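Please view the sequence and the structure before reading on.

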Amino acid sequence: MLRSFRLDNHRSFRDEHELLLMPAYSKDREALPVAGIYGANASGKSNLLDGLAFMQRAVRDSFSSWTPDAGVPRRRFALNGDGETSTFVVELVLDGVRYTYGFEVDDDSVHEEWLYSYPEARKRVLFERDEKGLRFGSTVDDRARLELLGGLLRPNALFLSLAAQSAVAHVLPVRGWFTHQLHFRLGVSASAGEDPMAEFLSNQPSEHSRAVELVRAADFGITDLVVANVRRPDGELRPTLIVAHGGFGLFLGDESAGTRSWLGLLPTVLTTLRTGGTLVIDEIDASLHPLLAARLVALFHDGEVNQAGAQLIFTTHDATLLHPPLGEEVLRRDEIWFVEKDRETGASTLYPLTDFKPRAEDNLERRYLAGRYGAVPELFQDRFAEAVRGDRGEA
C-alpha cells in the first residue's frame with residue numbers, strides 16, 4: 001500500500017513535490033484507496049505518474065538491463081543543469097510494516113539510496129548508500145554476504161535491484177511491491193485491450209464470471225466474453241477475444257472505443273483488487289462515460305469488493321467526479337489533487353484540494369471549473385474566433 005510518493009527534478013517537475021495518500025480527516029486507515037489528479041492539458045499530470053513509473057523501471061531493471069556505460073536514463077527538468085540530481089521516494093505499508101525507500105541520481109550514476117523500515121513505529125536502517133559507500137543497519141543479518149554483493153554494484157545500478165535478484169530477504173517486500181503490485185495503464189489507446197483480455201481469461205479462468213458481469217454492468221449490450229484460438233495472417237494460432245452480443249460475436253476491433261477501453265482496463269483492475277496492489281491510470285475518463293468512470297472508482301471504495309486494500313491513482317479531466325449528477329460522493333475531499341504549470345518557467349506544481357479547506361457542502365465541480373482551485377486552462381472564446389478569422393483572411 002502506497003502512503004506517499006515524492007519526486008524532484010523530473011520532466012516538468014523542477015522542484016520537490018509529494019503526493020500524499022494519507023487521510024486528512026480521519027485516522028481510520030493507513031492510506032486512502034483513491035487519489036484523483038486534475039489539471040489542464042500539458043500541465044504535468046502525466047509527468048507525475050511517469051516519475052513513479054521511472055522509479056519502478058529503475059528498481060526492476062537497473063542492475064540487469066542498464067549497461068555500465070549507459071548512465072541513468074532519467075528525464076530531468078529541461079532548464080536544470082546536467083549535474084543537478086533527481087530524487088524519487090516512496091513510503092509503503094506492506095504486511096503491516098511501514099517502509100521508506102528512495103534514491104538520488106544524475107545522468108551518470110546513483111548518488112544516494114536508502115531503505116528504512118519501521119517495525120513497531122521505530123526506525124530501522126536496512127541499508128544506506130552514498131559517496132562513502134554502502135552501509136547496513138546493525139539488525140541486518142548476513143552482513144558479510146551483503147558486503148560481497150555491494151562489491152558487484154555498478155555506479156548506475158540500484159542496490160535494491162541487485163539485492164532482490166540475489167534473494168536478499170529484507171529487501172524482497174519492497175522490491176515485490178514495485179514488480180508485482182504496482183500496475184500502470186499509461187497512454188491507453190482506444191484500441192487497447194484485445195490481447196490483454198484474451199491472455200487474462202486464458203490464464204485466470206476463475207475471473208471469467210467477474211469480467212463478464214462487469215462488462216454487462218457497463219451496459220454495452222455484451223452477453224459474454226469468449227476466448228478462441230484464431231489463426232492470424234502469419235499462420236500462428238493465438239488466443240483471441242470474441243465479444244458475444246446475444247446470438248452473434250464480434251472481434252474487439254469491431255467494438256466502440258468505449259468498449260475497447262473498458263475491456264483494456266478490466267484485467268488490471270481485477271488483478272489489483274484481488275492482490276491489493278496499486279493501479280495507476282493516466283486519463284481514466286478516456287473513452288469512458290462519466291458514470292462508468294465513477295463506477296470504476298467506486299469499486300476501490302467498496303470495502304466488500306476491495307478487501308485486499310487495493311489503491312487507484314488516476315489523472316482525469318472529468319469534473320463530474322467532483323460533484324456527480326447522481327449525488328453519490330465519488331472522491332473524498334482528501335483524495336483530490338491538482339497540477340498546474342507556471343507559464344513563465346514551465347515548471348509543474350502539485351497541490352491538494354485540502355489546501356483550500358473545502359467544506360463538505362461545497363460544489364467542487366462548479367468551483368473547480370470556475371477556477372477557484374487553479375489547474376484549469378485559460379480559454380477565451382474571442383481568441384479562438386480571431387484565430388479562425390485570421391486564417392481565412394490570409395487565404
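The model is predicted: local features need pLDDT of at least 70, side-chain atom pairs count only at pLDDT 80 or more, and totals for chains, interfaces and linings use all residues. Residues are numbered from 1 along each chain as its sequence is written, and side-chain values use heavy atoms, with hydrogens and water left out.

**Nonpolar cores**
- The largest nonpolar core has 52 residues, and Phe-103, Phe-178 and Ile-313 are among those with the most contacts inside it.
- A nonpolar core is a set of buried Ala, Val, Leu, Ile, Met, Phe, Trp, Tyr and Cys residues joined through side-chain atoms within 4.5 Å; buried means under 20% relative accessible area with a 1.4 Å probe, protein chains only.
- Another core, of 49 residues, lies apart from the largest one and includes Leu-241 and Leu-322.

**Second largest cavity**
- About 40 Å³ of space lies in the second largest cavity, a cavity being a set of points on a 1 Å grid over the protein atoms alone where a 1.4 Å probe fits but cannot get out.
- Leu-2, Phe-5, Leu-19, Leu-48, Leu-49, Leu-52 and Ile-313 form its lining, where lining residues have an atom within 4 Å of a point.
- Helix 1 gives the most to this lining, with 3 residues.

**Helix 6**
- Ala-211, Val-212, Leu-214 and Val-215 are buried in helix 6 (residues 208-217).
- These residues are on the same side of helix 6 because they cover an arc of only 160° around the axis.
- Asp-219, which follows helix 6, has a positive phi near 65°.

Notes
Buried < 20%, exposed > 50% of the residue type's maximum accessible area, 1.4 Å probe, protein only. Helix = DSSP H or I, 4+ residues; strand = E, 2+ residues; numbered from the N terminus. Arc of directions from axis to C-beta. 1 Å grid on protein atoms, 1.4 Å probe; cavity = no way out; pocket = protein on both sides within 12 Å on 5 of 7 lines; lining within 4 Å. Points joined across faces, edges and corners; volume = space filled by probe spheres on them.
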